[in-house]
Amino acid sequence: MQRFFVLAILILLGWLAYRLSPILSPFLIAGILAYLGNPLVTRLQRHRINRTWGTTLVFVLVILVLAGITMALLPVIRHQSLLFVEYLRQYLELLQTRIIPQLSARIGIPLDSQSLTHYATANAQKLAGWLGRSLQMALISGPGLISSVLSIILVPVLGFYLLRDWPRLIARIAALIPPHYLPLSRRLAHDADAMLMAFLRGQLLVMLALGASYAIGLSIVGLKTAVLVGLVAGLLSFVPYLGVVSGIAMATLAMYVQTGAFLPILGVLIVFGIGQILESMVFTPYLVGDRIGLHPVAVIFAVLAGGELFGFSGLLLALPVTAVLIALLRHFHGWYVQSPYYLGKES
């Protein structure tokens with residue numbers, strides 16, 4: 001009976017998460033920020049700083065750092081974004097006037113450049129129109145504007161209260177666990193917490209390191225949109241191969257339009273090749289660690305499944321939940337290989 005009750009509770013929680021997923025994003029973001037900031041506030045408490053004051057100090061520090069980064073990068077990102085859009089327009093023109101005719105002459109197959117260009121332009125215009133309408137509906141319409149503003153305001157407010165009351169919340173959750181399950185629950189929670197914290201911190205550092213490496217390398221080879229491409233490739237690197245593929249596509253297009261030649265693209269490929277070597281041999285081993293690294297297939301499946309089931313909220317939860325599940329599965333594996341069933345000792 002108790003097992004059915006627990007199963008019913010889990011099903012109810014899953015159903016609620018599915019139904020409330022459109023409004024869960026600020027709460028999830030705030031929870032992740034509070035989780036990441038809790039060790040620092042706890043360390044301040046050990047130096048006899050009140051929890052509320054410690055939370056305030058951490059939030060002020062984070063806000064100052066983010067404000068400084070935004071003020072430094074926003075003008076550059078804005079300029080390079082406009083420049084990349086212009087490169088994209090020029091590339092479509094080159095596609096019609098130079099690339100397709102040359103390709104047709106080399107392969108000996110007549111290609112209707114006007115039809116291909118019209119098809120590409122029409123689909124690009126459809127995509128741009130769809131994105132524009134979506135953004136307009138999300139930000140310009142009354143309810144969408146209110147929801148967006150509230151989400152932006154709610155994240156720091158929720159994050160502050162969650163961070164301040166984090167030990168109290170954990171204690172209340174622990175009080176709901178039956179006493180005879182407490183030792184096992186604490187052991188599982190400790191291991192899951194260690195893996196999740198190391199994974200989140202390490203993955204964020206890898207994203208920053210990759211983005212900076214791409215931006216610096218592309219700047220060296222002369223790409224005028226180096227910071228924009230590096231930022232996009234770094235942010236998308238949490239999904240295996242998505243960041244590097246997107247970055248190569250953007251950088252190749254921009255470099256070709258910028259120089260009008262194929263040889264400089266070799267520099268782009270070298271930069272991303274060096275970035276991948278640094279990621280596999282330096283960044284991931286030292287910042288994430290092989291012990292907690294998730295298999296690329298598991299990461300891709302988790303991101304796709306989370307986005308499909310719970311939308312943007314699922315994307316936020318996909319990797320953290322996967323990291324915790326892997327920690328729990330390791331405990332299950334240890335129990336399974338010692339079980340009488342595995343050892344063949346069943347009576």
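This is a predicted model: local features need pLDDT of at least 70, side-chain atom pairs count only at pLDDT 80 or more; totals for chains, interfaces and linings use all residues.
**Stop 1: the salt bridges**

Start with the charged side chains. The count for this model comes to 2 salt bridges, and we'll visit both.

Select R89 and E86 and show their side chains. They meet in a salt bridge, with 2.4 Å from N to O. Now colour helix α3, which covers residues 51-107: R89 and E86 both sit in this helix. They are 3 residues apart, or about one turn of the helix.

Are they buried or exposed, or something in between? R89 has 41% relative accessibility, so it counts as partly exposed. E86 comes in at 29%, so it is partly exposed as well.

Next, select R164 and D165. This is the other kind of spot to check, where the closest N and O atoms of the salt bridge are 3.2 Å apart. Look at the accessibility of each partner here. D165 has a relative accessible area of 15%, and because the cut-off for buried is under 20%, D165 is buried. R164, at 27%, is partly exposed.

**Stop 2: F59 and F160**

Searching the whole structure turns up 5 aromatic pairs. Select F59 and F160 to begin. Their ring centres are 5.8 Å apart and their planes stand at 75°, so this pair is edge-to-face.

F59 is in helix α3 and F160 in helix α5 (residues 142-164), so the pair links distant parts of the chain, 101 residues apart. F160 is buried, with a relative accessible area of 18%.

Ring pairs join F59, F160 and Y161 into a cluster.

**Stop 3: Y256 and F262**

For the last stop, select Y256 and F262. How are these two rings arranged? Their centres lie 4.8 Å apart with the planes at 35°, so the pair is tilted. The angle falls between the two limits, under 30 degrees for stacked and over 60 for edge-to-face.

Bring the surface back and look at each ring in turn. Y256 is buried, with a relative accessible area of 4%. F262, on the other hand, is exposed at 57%.

Terms used:
Residues are numbered from 1 along each chain as its sequence is written. Side-chain values use heavy atoms; hydrogens and water are left out. A salt bridge is a side-chain nitrogen of Lys or Arg within 4 Å of a carboxyl oxygen of Asp or Glu. Helices (H or I, at least four residues) and strands (E, at least two) are DSSP runs, numbered from the N terminus. Buried means under 20% relative accessible area, exposed over 50%, partly exposed in between (1.4 Å probe, protein chains only). Rings of Phe, Tyr and Trp (its six-membered ring) pair if their centres lie within 6.5 Å; planes under 30 degrees apart count as stacked, over 60 as edge-to-face and the rest as tilted.
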